[in-house]
Amino acid sequence: MARLLVSGGAGYIGSHTCRALTEAGHQVVVLDDLSAGHAVAVNGLTLVEGDVGDAGTVEEVWRYHGPIDGVVHFAGFIEVGRSISEPLAFYDNNLLAASVLLEAAVNHKVRAFVFSSTAAVYGTPEVQPIPEDAPIAPINPYGRSKAMLEAILADVDAAHGLPWAALRYFNACGAHPDGDLGENHEPETHLIPLALAAAAGRLPKLDLYGTDYPTPDGTCVRDYIHVQDLALAHVLAVEGLLGGRSGGPFNLGTGRGYSNREVLEAVERVVGRPVPVVEASRRDGDPAVLVADSSRFTAEFGWEPRFSDLDTIIESAWRWHQRTWNVMGLGGY
Ligand SMILES: NC(=O)c1ccc[n+]([C@@H]2O[C@H](COP(=O)([O-])OP(=O)(O)OC[C@H]3O[C@@H](n4cnc5c(N)ncnc54)[C@H](O)[C@@H]3O)[C@@H](O)[C@H]2O)c1
């Protein structure tokens, strides 16, 4: 049993990971300022409501809940578009605030630091599926903030001996099989929840950005990884680092891409209703294809995606959205 601090644990991927860590027998303390997360998602766990960039708050976590064996760091801003219009806010939260947490981790001799990175560090990669040694060439402040923190982690490890893993997620999606945790971003920018809301009539339309990409059906291809598979990857990563395994950057995806049109077809299959689509022009900075080569993480940590079949992903998300709309008094579809 390890004692773990999970920053951003009240968010989408963090809350699923907290549950997986708890089920694996670990003791979890969540540090989240609830700027985007939901206290209800960490019901039953210790939640410290505060900012990872506030050194006093972070010290209090150690004082009242330490010693901490490992940190899993999800906290940060996630919207690529906002990172372009508000780069300083992104660097402030994703880098400066993170460095406060990192400093505490070093001072308190934490033995594992697992960080939420992203496929966005690769920018517009030339090789598919993408290996970890593909060029790091992010094309927006969001991706750059993640790539920079990865570099900082390597430097901190070299200087102070902080075992770390940066998990580069591809497209996180789906909801917990129990139906009580799911994706609840505001604003929502991800395809599957938007398509489900459009199919249910809760959004007037779904904008499909770009139909002239050099892909089989002209729409972008992405690698969709179930949030439950991501959660289990974090359990393996933190346990592996604490057990002395070597870290570094790791891709997390399935190695299989689906086009936007294929995702929309799957949504229509699951919901049983059409998705009202409006074709729009490409968005800046959307590469045609992003598919992960995750073999390095599989080899090092024995991880295999188990929930990431497309229909399983969409069925779990659909169950959760219907339940949430009901709970919010919006009526189920
Ligand atoms: N969702 C994806 O597809 C995806 C893909 C790649 C990487 N990531 C990364 O994974 C992480 C989690 O993503 P998510 O989709 O769960 O996002 P999310 O917004 O649901 O979760 C982030 C959490 O961090 C909290 N937070 C933000 N800034 C904070 C701060 N300064 N102090 C304390 N708490 C703070 C928010 O309240 C929220 O609960 C992020 O770092 C994101 O960049 C997500």
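Q: A residue counts as near a molecule or strand if its C-beta atom, placed from the backbone, lies within 6 Å of it; how many residues surround the ligand?
A: The ligand is surrounded by 29 residues, and the closest are Gly8, Gly11, Gly37, Ser116 and Ala172. The structure is a predicted model, in which local features need pLDDT of at least 70, side-chain atom pairs count only at pLDDT 80 or more, and totals for chains, interfaces and linings use all residues. Residue numbers start from 1 along each chain as its sequence is written.

Q: Which element gives the largest share of the shell around the ligand?
A: Helix 1 does, with three residues. At least two residues each come from helix 1, strand 2 (27–32), helix 4 (87–107), strand 5 (112–118) and strand 7 (171–173). Helices (H or I, at least four residues) and strands (E, at least two) are DSSP runs, numbered from the N terminus.

Q: And what is that shell like by class?
A: The shell around the ligand has 13 nonpolar, 13 polar and three charged residues. Here Ala, Val, Leu, Ile, Met, Phe, Trp, Tyr, Cys and Pro count as nonpolar, Asp, Glu, Lys and Arg as charged, and the others, Gly among them, as polar.

Q: How is the protein divided?
A: There is a domain 1 (3–172 + 224–252) and a domain 2 (175–222 + 255–327), with bounds that come from an automatic or database domain assignment. Their C-alpha centres lie 23 Å apart. Domain 1 brings 34 residues to the contact and domain 2 brings 32; two residues are in contact if their C-beta atoms, placed from the backbone, lie within 7 Å.

Q: Which elements supply the side of domain 1 that touches domain 2?
A: Helix 1, strand 10 (224–226), helix 7 and strand 11 (248–252) supply at least two residues each. Helix 7 gives the most, with eight residues. By class, this side of domain 1 holds 18 nonpolar, 11 polar and five charged residues.

Q: At what angle do helix 1 and helix 7 cross?
A: The axes of helix 1 (residues 12–23) and helix 7 (residues 227–242) cross at roughly 55° and come within 8 Å, which means that helix 1 is oblique to helix 7. Axes are lines fitted to C-alpha atoms, for helices over the stretch in contact, and angles run from 0 to 180 degrees between N-to-C directions. Angles under 35 degrees count as roughly parallel, over 145 as roughly antiparallel, 65 to 115 as roughly perpendicular and the rest as oblique.

Q: What about helix 4 and helix 5: at what angle do they cross?
A: The axes of helix 4 and helix 5 (residues 141–160) cross at roughly 20° and come within 10 Å. The two helices are therefore roughly parallel to each other. By class, the contact of helix 4 with helix 5 has 13 nonpolar, four polar and one charged residues.

Q: Changing topic, which peptide bond to proline 67 is cis?
A: The bond from glycine 66 to proline 67 is cis, with omega near -5°. Proline 67 is in the loop between helix 2 (55–65) and strand 4 (70–73). Another cis bond runs from glutamate 186 to proline 187, with omega near 5°, and proline 187 sits in the loop between strand 7 and helix 6 (191–199).

Q: Is phi of leucine 34 positive or negative?
A: Phi of leucine 34 is positive, near 60°, in a residue other than glycine. Most residues other than glycine have a negative phi, and most peptide bonds are trans. Leucine 34 lies in the loop between strand 2 and strand 3 (46–49).

Definitions and conventions:
Near = placed C-beta within 6 Å.
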